[in-house]
Structure formats: structure tokens, C-alpha cells
Amino acid sequence: MKDLEFAALMCSRLCHDLISPVTAFANGLEVLTDEDDPEMKDQALALLQNSARQAAAKLQFARLAYGAASAHGADIELAEARQVVELYLGESKADLQWEVEAYTAPKDVVRLLLNFCLLAVDSVPRGGRVRLSLEERPDATSILAEATGKPLVFPEKLAQALGCELDDNAQDARSIQPTLTRRIVDGLGGTFTLEKEDERLALSALVPAAPGVSAAPGLQKAVGA
């Protein structure tokens with residue numbers, strides 16, 4: 001796929017993610033402007049606040065998951081990544097289990113973790129548990145996102161995109177994000193595994209150890225958010 005086509009589909013994906021809270025914000029402004037009923041104005045204000053939070057959370061998540069995040073330098077603190085994930089999951093029905101044994105990690109490692117997270121969250125639309133793990137090994141970094149819930153929704157098209165089996169002509173705004181995920185894995189020189197069962201989805205990658213991954217003394221493990 002040409003870079004221009006890939007970028008266009010990624011822009012479509014970002015617009016798809018943001019259109020709902022931005023539209024709700026616009027509707028809230030309209031009600032706030034035209035409505036005289038104090039109760040309706042309070043409801044409109046609450047809608048504005050909620051929509052603004054959602055849009056900000058999605059933008060912060062996309063900045064780390066899709067963008068270069070150039071202001072951060074070569075490495076990103078995992079505590080910041082966790083905060084971004086928690087904000088993103090604020091409106092989700094999924095519970096987060098954060099198992100990260102690192103203080104900082106290179107940008108692309110963090111990008112991969114967040115893109116795994118996005119796929120895991122989307123696969124349990126009615127709620128469940130999303131477990132994120134990043135473990136530093138002597139010669140590699142292990143990254144895992146596991147989703148458990150019912151129903152588990154993971155279309156074959158997304159699995160094909162992750163497996164580099166999807167024809168470029170079949171790509172769309174939904175499948176382009178797993179394609180990006182696989183490109184990140186390949187760019188890191190890693191190996192990728194997808195496991196899918198009735199109520200469980202596991203996305204894992206093993207990438208060569210990077211000097212930017214540093215352990216955090218006393219960092220909590222297996223902490224539920």
C-alpha cells in the first residue's frame with residue numbers, strides 16, 4: 001500500500017474515533033444556546049463536559065498510539081502511558097489489569113502496547129477484562145494484551161490484517177489500525193502471536209531488547225485499575 005493511501009485510511013480511522021464526542025459537543029452547544037429551561041441547560045452543560053473529556057482522552061490516546069509523540073524524546077514513561085489508557089477506558093465497560101514491569105520504554109514499544117490495548121478493548125464491547133503486560137527479559141521485551149469477555153467480537157478481517165493476509169484493496173478505516181499494529185511489530189524486528197478462543201483474545205509480541213526499557217524499583221505488578 002502506498003504511504004499516501006495508508007495515511008488517508010489512518011486519518012479516516014482517527015475521524016471515526018472522534019466524530020461521536022465532537023458531534024455530541026456540538027449538539028450540547030446548540031441546546032445551551034437555544035434553550036431557556038434551566039434543567040435543559042444543566043443537561044446540556046453535562047453533555048458538553050462529558051463529550052470534551054471523551055474527545056480529549058481519545059486524542060491523548062491517539063497521540064501515543066498513532067503519532068510520533070516527538071515532544072517526549074526517545075523514551076516514554078510507562079506511568080504516563082497507563083494514565084492515557086485509563087482515561088481512554090473511562091467510558092468503556094472493560095476493566096483494566098495493568099502488569100508492567102518497566103519505568104520507561106522506547107516510543108514504538110509503547111505504541112505497540114497501546115495498539116494491542118485498542119484491539120483488546122474493541123473485542124469486548126459489552127464489558128470484560130483487559131490485561132496489559134510488558135515484561136523485560138534478558139534479550140527481549142514481551143508485550144501482551146489479553147481480553148476476556150462475552151461476547152468476544154473480533155472479525156476475521158482484523159485477524160487477516162494482523163497476519164498480513166489482507167489485500168490492499170480490501171483495507172478500510174477499521175482494518176488499517178491492526179495493519180499499523182503489525183507494521184510496528186515488524187519494524188521492531190519482533191514476532192507476533194494471535195490466540196482467539198470463545199471468550200478470550202490474546203495478542204502478544206516478543207521484540208529484541210531495547211536500551212530504552214528500564215525497570216522501575218518497587219513498581220507494582222498485577223494491579224487492577
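These are my notebook entries on what I looked up in this structure, which is a predicted model.

**Entry 1: salt bridges**

I began with charged pairs. Side chains of opposite charge can pair when their charged atoms come close. My search of the whole structure turned up 12 salt bridges.

I looked at Arg13 and Asp122, whose closest N and O atoms are 3.5 Å apart. Arg13 sits in helix α1 and Asp122 in helix α4 (residues 107-122), so this pair ties together parts that are 109 residues apart in sequence. Arg13 has 6% relative accessibility, so I noted it as buried. Asp122, at 34%, counts as partly exposed.

Next I looked up Arg129 and Glu146, with 3.0 Å between the closest N and O atoms of their salt bridge. Arg129 belongs to strand β4 and Glu146 to strand β5 (residues 140-148), 17 residues apart. Here Arg129 is partly exposed at 31%, while Glu146 is buried at 7%.

My last pair was Lys157 with Asp172, where the closest N and O atoms are 2.7 Å apart. Lys157 is in helix α5 (residues 156-162), and Asp172 is in the loop between α5 and α6. I also found that salt bridges with shared partners join several residues into one network, among them Glu99, Arg129, Glu146 and Arg200.

**Entry 2: strands**

Is strand β2 largely enclosed or open? I counted 6 of its 7 residues (94-100) as buried, so the rest of the structure largely encloses β2. I saw that β2 runs parallel to strand β4 (residues 128-136), joined to it by 7 bridges. In this pairing, Leu96 stands opposite Val130.

Then I turned to strands β6 (residues 191-196) and β7 (residues 200-208), which pair in the antiparallel sense over 6 bridges. A hairpin of 3 residues connects β6 to β7. I found Lys196 opposite Leu201 of β7.

**Entry 3: a charged patch and helix α2**

Which residues gather in a patch of negative charge on the surface? I listed Glu30, Asp34, Asp36, Asp37, Glu39 and Asp42. Helices α1 (3-34) and α2 (38-65) are the elements that each give two or more residues to this patch.

Notes
Residues numbered from 1 in each chain as written. Predicted model: local features only at pLDDT ≥ 70, side-chain atom pairs only at ≥ 80, totals over all residues. Heavy atoms only, no water. Patch = residues over 30% accessible without salt bridge, like charges linked within 9 Å, V, L, I, M, F, W, Y side chains within 5 Å. Areas by Shrake-Rupley, 256 points an atom, 1.4 Å probe, with all protein chains shown as cover. Salt bridge = Lys/Arg side-chain N within 4 Å of Asp/Glu carboxyl O. Lys, Arg positive; Asp, Glu negative; His and termini not counted. Charge placed at Lys NZ, Arg CZ, Asp CG, Glu CD. Helix = DSSP H or I, 4+ residues; strand = E, 2+ residues; numbered from the N terminus. Buried < 20%, exposed > 50% of the residue type's maximum accessible area, 1.4 Å probe, protein only. Pairing = 2+ DSSP bridges.
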